[in-house]
Structures are given as structure tokens and as C-alpha cells.
Amino acid sequence: MARKSKWDAADRKKLIKMVKGGVPEQEIREKLAYKNKAMTSVEFAQQLKMAMVESGAIKQAAPSVKGKTKPQTYTVTNKGRLTISDFSEKAGYATGAKFTLEKPRGKSKAWRLVPV
């Protein structure tokens, strides 16, 4: 379970303001002491990051999924044929290449196209 931070949002606003003002880290850590005990460097780094996220200086979000394309689906005809129109460009084989179809091995359920 995560524990509650010793510093609140107002303290973090002061921290980011002091950092932008050019105040040395040691001085900031002493000014934001908790129960007369100076802030450690690890706590300073954590609070600075939280302050930057809160102020919008850095974004802490999952990467966007815009670049992903949907996988191409192919269907089998009623005669049992599979038409893959872009096979030569995706697989790199020239027209007229011959393949055999192998059964799945072991626990796999994937059929394999193997060049002859």
C-alpha cells in the first residue's frame, strides 16, 4: 500500500517556483524540511517530478496507439483456397514460388507454409 506524501500540492508549487528561480537544491531541501528534518535527495527528486507533472511541464501518460494498423485478415473460399493479394510484397517471394502446407506440431495450432 502506498503511503501518503509528507508534502502537499502547495509545497510542490513552492518547490517548482524555487527551482525555476535558481535556488540551490540543498537550500530548497532545508526550507521544505518536515518535522525539522531536511528533505533527502530522493524525496526531492520524487517531489520535483510530481510538481512537474502537476504543473504540466512533463506528461506522464501511456504512449499513443495511433501508429498501429489493424492486421490484415484473409478468408478461405468455399473451395478451400486462400487468396492473399499482397503475399509477394510481405513475404518477399517472387511470382510462381511453390509452397507446401505443414500440420501444426506439438501443442501449436498454427499451420505452416514452407517453400518447396
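Mentor: Strands β1 (99–102) and β2 (112–115) each supply at least two residues of the lining of the largest pocket; strands (E, at least two residues) and helices (H or I, at least four) are DSSP runs, numbered from the N terminus. This is a predicted model, in which local features need pLDDT of at least 70 and side-chain atom pairs count only at pLDDT 80 or more, while totals for chains, interfaces and linings use all residues. Residues are numbered from 1 along each chain as its sequence is written, and side-chain values use heavy atoms, with hydrogens and water left out.

The lining consists of Leu 82, Ile 84, Phe 87, Phe 99, Leu 101, Trp 111, Arg 112 and Leu 113. A pocket is an open set of points on a 1 Å grid over the protein atoms alone, where a 1.4 Å probe fits, with protein on both sides within 12 Å along at least five of seven lines; lining residues have an atom within 4 Å of a point. The space in the largest pocket is about 270 Å³, a volume being the space filled by probe spheres set on the points, which are joined across faces, edges and corners. By class, the lining divides into 7 nonpolar residues, no polar residue and 1 charged residue; Ala, Val, Leu, Ile, Met, Phe, Trp, Tyr, Cys and Pro count as nonpolar, Asp, Glu, Lys and Arg as charged, and the others, Gly among them, as polar.

Two of the lining residues, Phe 87 and Phe 99, also belong to a cluster that ring pairs link together with Tyr 93. Rings of Phe, Tyr and Trp (its six-membered ring) pair if their centres lie within 6.5 Å; planes under 30 degrees apart count as stacked, over 60 as edge-to-face and the rest as tilted. The whole structure holds 4 aromatic pairs. One of these joins Tyr 93 to Phe 99 edge-to-face, at 4.9 Å centre to centre and 85 degrees between the planes. Tyr 93 has a relative accessible area of 34% and is partly exposed, and Phe 99, at 25%, is likewise partly exposed; buried means under 20%, exposed over 50%, and partly exposed in between (1.4 Å probe, protein chains only).

Helix α4 (residues 87–91) contains Lys 90, which is exposed at 57% relative accessibility. Lys 90 touches Gln 72 and Tyr 74, not counting residues up to four places away in sequence, where contact means heavy atoms within 4.5 Å.

The largest nonpolar core has 10 residues: Trp 7, Leu 15, Ile 16, Met 18, Ile 28, Leu 32, Met 39, Phe 44, Leu 48 and Ala 51. Helices α1 (9–21) and α3 (41–55) give two or more residues to this core. Such a core is a set of buried Ala, Val, Leu, Ile, Met, Phe, Trp, Tyr and Cys residues joined through side-chain atoms within 4.5 Å. Apart from neighbours within four places in sequence, Ile 16 is in contact with Leu 48, Ala 51 and Met 52. Met 18, in helix α1, is buried at 14% relative accessibility. Met 18 and Ile 28 are 10 residues apart in sequence and 7.1 Å apart in space, C-alpha to C-alpha.
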